[in-house]
Amino acid sequence: MSAPPSSVLGWRLTMGSSEEDYQVLVEWLTEKGHSEEEIQTILARVREYDEKTQHDSVMDSIGAGRMSLDALVKDALGQ
């Protein structure tokens, strides 16, 4: 199996994935011959990993003191 395009590999280097990133992944998976059902299963797993990675990163930042939980709460509440 050939490597995914750099745009797929590079999306993990950003602060999360955009729908455009997922579209690139869908196109690559389609080119590799995956069925629609397989692609949906793969995307669900990628989104799970993406959410967990973002969650862990935020929690790690709060725990390390690089991010203020108070500031995060105020931002979420529009204060």
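Modeller: A salt bridge here is a side-chain nitrogen of Lys or Arg within 4 Å of a carboxyl oxygen of Asp or Glu. It's a predicted model, so local features need pLDDT of at least 70, side-chain atom pairs count only at pLDDT 80 or more, and totals for chains, interfaces and linings use all residues. Residues are numbered from 1 along each chain as its sequence is written, and side-chain values use heavy atoms, with hydrogens and water left out.

Colleague: How many salt bridges does the structure hold?

Modeller: One. E48 pairs with R45, and their closest N and O atoms are 3.8 Å apart.

Colleague: Where do E48 and R45 sit relative to each other?

Modeller: Both are in helix α3, three residues apart, so about one helical turn separates them. Helices are DSSP runs of H or I, at least four residues, numbered from the N terminus.

Colleague: New topic. Which residues form the nonpolar patch on the surface?

Modeller: V58, M59, M67, L69, L72, V73 and L77, with about 570 Å² of accessible area together (Shrake-Rupley). Patch residues have over 30% relative accessible area and no salt bridge, and nonpolar side chains are joined within 5 Å.

Colleague: Which helix gives the largest share?

Modeller: α4, with three residues. V73 is in α4 and is partly exposed at 41%.

How values were computed
Patch = residues over 30% accessible without salt bridge, like charges linked within 9 Å, V, L, I, M, F, W, Y side chains within 5 Å. Areas by Shrake-Rupley, 256 points an atom, 1.4 Å probe, with all protein chains shown as cover. Helix = DSSP H or I, 4+ residues; strand = E, 2+ residues; numbered from the N terminus. Buried < 20%, exposed > 50% of the residue type's maximum accessible area, 1.4 Å probe, protein only.
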